2 protein chains.
Amino acid sequence: MFNYAYCVLFINVYSVVISILMVDRTTMTALNETHSPDLISWVDTANAPGTDFPIQNLPFAIFRRQESSEFFRGGVAIGDQIVDLLKAKETDLFGGLALSGIEACGGDSLNAFMALGKECWSALRLRLSQLLRNDISEEVKQLLAECLVPQDQVEFSLPCSIGDYTDFYTSIHHATTVGSLFRPDNPLLPNYKWVPIGYHGRASSIVVSGNDFARPSGQTKSADVEAPALGPCKRLDYELELGVYMGVGNDLGTPIDLDSAEDHAFGVSLLNDWSARDIQAWEYQPLGPFLSKNFISSVSPWIVTMEALAPFRANWTRDAEDPQPLAYLDSDSLRDAGAIDIKLEVYLETEQMREASSPAVQLAESNFIQSYWTLSQMIAHHTVTGCNLRTGDFLGTGTQSGASEGETGSMLELSSGGKKSFSLPNGEQRTFLADGDKVILKGWCSNSSARRIGFGEVSGTVIP
Amino acid sequence: MFNYAYCVLFINVYSVVISILMVDRTTMTALNETHSPDLISWVDTANAPGTDFPIQNLPFAIFRRQESSEFFRGGVAIGDQIVDLLKAKETDLFGGLALSGIEACGGDSLNAFMALGKECWSALRLRLSQLLRNDISEEVKQLLAECLVPQDQVEFSLPCSIGDYTDFYTSIHHATTVGSLFRPDNPLLPNYKWVPIGYHGRASSIVVSGNDFARPSGQTKSADVEAPALGPCKRLDYELELGVYMGVGNDLGTPIDLDSAEDHAFGVSLLNDWSARDIQAWEYQPLGPFLSKNFISSVSPWIVTMEALAPFRANWTRDAEDPQPLAYLDSDSLRDAGAIDIKLEVYLETEQMREASSPAVQLAESNFIQSYWTLSQMIAHHTVTGCNLRTGDFLGTGTQSGASEGETGSMLELSSGGKKSFSLPNGEQRTFLADGDKVILKGWCSNSSARRIGFGEVSGTVIP
């Protein structure tokens with residue numbers, strides 16, 4: 001009973017202020033007290049200006065203490081710390097739906113929690129927000145402080161068991177640039193502006209950030225020889241993507257309509273869909289990329305919830321000269337707030353840079369707001385035939401290149417299909433990735449009315 | 001101790017005879033006493049000439065009694081019966097590896113058993129073979145008879161939890177015919193004879209035989225209109241395939257070499273990879289089929305083990321005028337016995353036929369022995385980049401069309417891309433599937449020196 005009484009005390013002025021400010025927002029972007037930019041945490045590092053993990057974020061991951069024999073368990077980021085949800089459950093500070101939620105976070109994947117649905121996700125997030133605010137009692141702070149683990153002392157695993165992984169192709173800028181390399185006269189295929197193009201990817205080889213990997217070998221064929229050969233990939237690339245984790249699935253044969261699509265989505269993370277361009281060029285016709293993409297895909301440890309992204313929703317528009325979407329891919333709420341303003345960045349750290357203790361260099365920055373198709377359109381399209389999505393299924397957005405130079409989400413674009421190399425600030429040249437290269441993707445959201453939140457990062461290094 | 005003593009008694013003359021007959025076979029096709037065509041079971045229906053499930057087969061499935069509240073559990077087919085492995089485990093007739101195996105078959109998927117590896121699979125299969133022979137004691141017959149359930153009184157589920165589903169394209173006849181519909185001058189792409197072409201399919205929508213399904217809707221575009229539209233698929237098709245279930249996986253980054261590839265494979269089943277050809281035509285470029293294949297795929301309940309298929313292995317050859325495979329896809333044991341002689345059949349039962357109580361009509365027969373690429377080549381190629389396969393992963397062979405007329409594994413081929421309809425014996429016309437059509441795939445193996453074994457069937461009906 002203690003914790004319920006506590007809850008009531010802290011339903012505070014923020015929610016009133018926000019509901020006045022935001023009356024014209026649709027339910028899709030409904031803000032609540034957890035979004036208030038004025039919230040401050042008793043975990044000091046959560047209040048630092050540049051942190052990815054202020055109290056307004058509260059993303060989920062699966063972790064354990066490094067080199068421990070602990071079981072993996074759920075955690076929520078706050079500043080440079082993680083709330084150990086397995087331990088926090090024991091504090092008796094959670095009740096009702098929040099208790100159901102935290103009880104589902106004790107295992108080695110978040111699937112059980114993700115299957116519980118948005119009311120439960122929201123209840124646990126709200127309760128964690130309340131307990132982490134600086135105006136909570138000292139007694140609570142002490143209880144919860146014992147559940148904190150420094151992020152630099154943990155190892156992460158995949159946040160959930162991923163059933164199927166689907167990769168889309170939602171950046172028209174990426175599709176156009178890549179298309180122009182193969183078809184200068186006709187860069188964009190006729191279906192692109194009608195169909196959120198996607199294909200099935202490989203789930204087994206998705207790994208969490210920090211998993212380095214050997215340069216893959218595969219079958220490739222140069223234009224100047226008659227026969228292909230097996231050998232190490234010479235055109236190894238990264239792809240700057242976001243991925244959405246499905247929370248609640250749908251039954252086979254029952255499509256998800258556009259306006260309820262995001263109710264099924266749990267949250268978003270960063271995705272590097274490493275690609276072997278020379279293997280891809282030789283294998284991909286007629287059935288699409290296969291081995292060129294299945295050797296590894298890396299995700300960030302943290303899932304930023306759809307709810308945490310609410311303050312960064314934006315209008316979605318389609319140019320008047322472009323075909324407008326078919327009815328199943330269009331709605332008022334899509335137009336109102338279907339897009340999300342997520343800044344994305346690619347960094348490269350070469351072996352020379354590490355030896356010289358130089359920082360990684362930025363190769364590109366982009367923004368998911370430029371995506372031609374939204375998350376809800378991806379979900380509605382994916383299920384329109386009756387295809388079922390399941391808890392833990394993962395949908396990649398495809399490479400998020402922007403309209404401008406400096407916004408290219410892959411080396412294939414940076415090097416014009418490998419035709420010209422580009423220079424790094426230390427004088428090194430690249431067309432594709434070299435051995436020892438570490439690629440780091442970052443993402444974050446900010447605007448004038450909300451507290452900045454971040455996605456952390458996903459990184460991986462190419463081993464010879 | 002009782003059961004071990006029992007085992008020793010029944011290591012009988014068959015194994016000696018067979019080892020003399022088969023000395024020139026490689027280990028890949030090693031036969032053992034379970035393969036002897038002379039074995040007879042005390043389950044009478046297993047001795048009927050046409051049965052799919054003689055004592056030489058012993059395929060695995062997951063089942064429960066119809067309309068019961070039982071948990072699903074593992075079973076092995078014998079004649080028209082199933083050995084309930086959950087119940088059989090309690091008989092104390094199993095020991096050693098066979099006991100480890102049967103203990104892993106008590107749950108609602110075979111994954112735990114499939115992960116144990118070929119020695120364990122073989123030990124359980126041998127023990128079941130011994131216990132089901134007609135020369136076993138009356139006491140054993142009585143004990144095991146209580147574990148039998150008639151197949152017509154059960155419902156099946158998927159035999160295992162499928163992680164990733166990959167579909168290959170191994171029939172050069174299918175690839176050539178389909179290619180010629182799109183590119184009359186250049187039907188086969190240059191990579192086909194070098195690369196076992198495959199792509200990632202959808203695992204979530206794989207269902208077991210008997211699951212009927214609604215005609216899917218999707219986006220299609222006719223050549224004579226400017227804009228696509230959403231509507232029911234007008235070119236619904238089946239695909240005659242086999243699928244192989246992976247038993248023991250490989251670590252990410254560690255390819256499986258050709259000669260050990262089949263040690264990782266647990267067994268084979270029938271697969272109907274239903275396809276929406278009009279959705280496919282509009283969506284598939286540049287990343288391959290997606291919604292056109294993800295609405296449903298049907299598998300037969302039974303997994304016929306690789307061991308049961310050993311008597312039907314055949315030489316694998318590559319025409320001298322064709323390029324020979326690269327080294328990672330070629331070996332002596334592949335040449336010796338890489339192919340498998342599996343007869344395949346497609347039947348169609350229309351609503352009119354059902355109303356007239358007419359039997360289903362055969363649309364095609366084919367044989368997996370004609371496949372351009374073998375199961376071991378599929379596995380070796382899939383993992384050459386380091387891609388990891390996991391227990392329960394499923395690899396489709398692609399549509400198994402043969403060289404001759406009457407061997408076409410899809411309606412797309414039967415109707416020349418939908419350009420001409422064909423007649424059924426009752427006068428009905430088809431170009432693609434009509435509502436109410438039921439498609440039934442069957443498969444079986446036979447030769448002069450072995451007992452015929454079958455795969456059962458996979459069926460599904462299109463609901464309007």
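## How the two chains meet

Chain A and chain B bury about 5000 Å² between them, and 64% of that area sits on carbon and sulfur atoms. Looking at the chain A side, the residues that lose the most area to chain B are His200(A), Leu287(A) and Phe290(A), which together make up 16% of what that side buries. Keep in mind that this is a predicted model.

How many residues does each chain bring to the contact? Chain A gives 56 residues, and chain B gives 56 residues too.

## Bridges and polar contacts

Let's turn to the links across the interface. There are four salt bridges between chain A and chain B. One of them pairs the side chains of Arg202(A) and Asp164(B), with 3.5 Å from N to O.

Which parts of chain A give two or more residues to the side that touches chain B? The strands are β6 (165–168), β7 (198–200), β10 (217–220) and β11 (229–232), and the helices are α9 (277–283), α10 (291–294) and α13 (375–383). Sort the residues on that side of chain A by type and you get 33 nonpolar, 18 polar and five charged.

## A two-fold pair

Now for the symmetry. Turn chain A by 180°, with a shift of 0.0 Å along the axis, and it can be laid on chain B with an RMSD of 0.0 Å. The two copies are therefore related as by a two-fold rotation axis. Which residue of chain A comes closest to that axis? That's Gly288(A), whose C-alpha is 2.2 Å from the rotation axis.

Most peptide bonds are trans, and most residues other than glycine have a negative phi. A few spots here go the other way, so to speak. The peptide bond from Gln285(A) to Pro286(A) is cis, with omega near 5°, and Pro286(A) sits in the loop between α9 and α10 of chain A. Chain B has a cis peptide bond joining Gln285(B) and Pro286(B), with omega about 5°. There, Pro286(B) is in the loop between α9 (277–283) and α10 (291–294) of chain B.

Ser416(A) is a residue other than glycine with a positive phi, near 50°. You'll find Ser416(A) in the loop between α14 (411–414) and β23 (422–423) of chain A.

## Two annotated domains

UniProt, in an unreviewed entry, lists "domain: Fumarylacetoacetase N-terminal" at residues 56–159 of chain A. Over residues 56–159, chain A is 38% helix and 22% strand, and the end C-alpha atoms are 20 Å apart.

The unreviewed UniProt entry also places "domain: Fumarylacetoacetase-like C-terminal" at residues 168–462 of chain A.

Notes: Residues are numbered from 1 along each chain as its sequence is written. Chains are lettered from A and ligands numbered from 1 in the order in which they are written. This is a predicted model: local features need pLDDT of at least 70, side-chain atom pairs count only at pLDDT 80 or more; totals for chains, interfaces and linings use all residues. Side-chain values use heavy atoms; hydrogens and water are left out. UniProt positions are given in the numbering used here, feature names are shortened, and annotations may be inferred rather than shown by experiment. Contact means heavy atoms within 4.5 Å. Buried area is the accessible area (1.4 Å probe) that two parts lose on being put together, summed over both. Helices (H or I, at least four residues) and strands (E, at least two) are DSSP runs, numbered from the N terminus. Ala, Val, Leu, Ile, Met, Phe, Trp, Tyr, Cys and Pro count as nonpolar, Asp, Glu, Lys and Arg as charged, and the others, Gly among them, as polar. Copies are superposed by least squares on the C-alpha atoms of residues with pLDDT of at least 70 in both.
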